[in-house]
Amino acid sequence: MKVVWAQAPCSAGQIIEALTRRDSTWHPKTVKAFLSRLVRKKALGFRKEGRAYLYRPLVKEEDSVEAASMSFLDRVFGGSLKPMLAHFVERKKLSEAEIRELRRLLKEKE
């Protein structure tokens, strides 16, 4: 989806090229299967142009990130933000800048 959000409208070939540049293990048939699944789920739309299909997003990136984040929070941490935040803060080395940003975000919520 990130490729389509960044380059829409784009062909399957363009999507495959962008993905394989990042990770050579992507197989074209796998990408096409994902595209078909995303069309069925109404996350992607397409139009036929000659022999190519041009894909465009039907969902906003922000909406997708929100849904995926909430799903992760629910599935892994029972919907509770505190244990998730504690988990990542305790296990990941945070830079001083990241710590300042987290403090700023929390202060804004007070």
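Here are legends for a few close-up views of this predicted model.

Before you zoom in: residue numbers start from 1 along each chain as its sequence is written, and side-chain values use heavy atoms, with hydrogens and water left out. Since this is a predicted model, local features need pLDDT of at least 70 and side-chain atom pairs count only at pLDDT 80 or more, while totals for chains, interfaces and linings use all residues.

**View A. W26 and F34 make an edge-to-face pair.**
There are four aromatic pairs in the structure. Rings of Phe, Tyr and Trp (its six-membered ring) pair if their centres lie within 6.5 Å; planes under 30 degrees apart are stacked, over 60 edge-to-face, and the rest tilted. For W26 and F34, the centres sit 5.7 Å apart and the planes are at 70 degrees, so this one is edge-to-face. W26 is partly exposed at 28% relative accessible area, and F34 is partly exposed too, at 37%. (Buried is under 20%, exposed over 50%, partly exposed in between, with a 1.4 Å probe and protein chains only.)

**View B. F46, Y53 and Y55 are linked into a ring cluster.**
One of the aromatic pairs here is F46 with Y53: 5.2 Å from centre to centre, 70 degrees between the planes, edge-to-face. F46 has a relative accessible area of 38% and counts as partly exposed; Y53, at 35%, is partly exposed as well.

**View C. E61, E62, D63 and E66 form a negative surface patch.**
Patch residues have over 30% relative accessible area and no salt bridge; like charges are joined within 9 Å, nonpolar side chains (Val, Leu, Ile, Met, Phe, Trp, Tyr) within 5 Å. A salt bridge here is a side-chain nitrogen of Lys or Arg within 4 Å of a carboxyl oxygen of Asp or Glu. Asp and Glu count as negative, and each charge is placed at CG of Asp or CD of Glu. E61 belongs to helix α4 (residues 61–77) and is partly exposed, with 32% relative accessibility.

**View D. L85, V89, L102, L105 and L106 form a nonpolar surface patch.**
Helices α5 (81–91) and α6 (96–109) each give two or more residues to the patch; the largest share, three residues, comes from α6. Helices are DSSP runs (H or I, at least four residues), numbered from the N terminus. L102 lies in α6 and is partly exposed at 30% relative accessible area.

Definitions and conventions: Accessible areas come from the Shrake-Rupley method with a 1.4 Å probe; for residues, only the protein chains shown count as cover.
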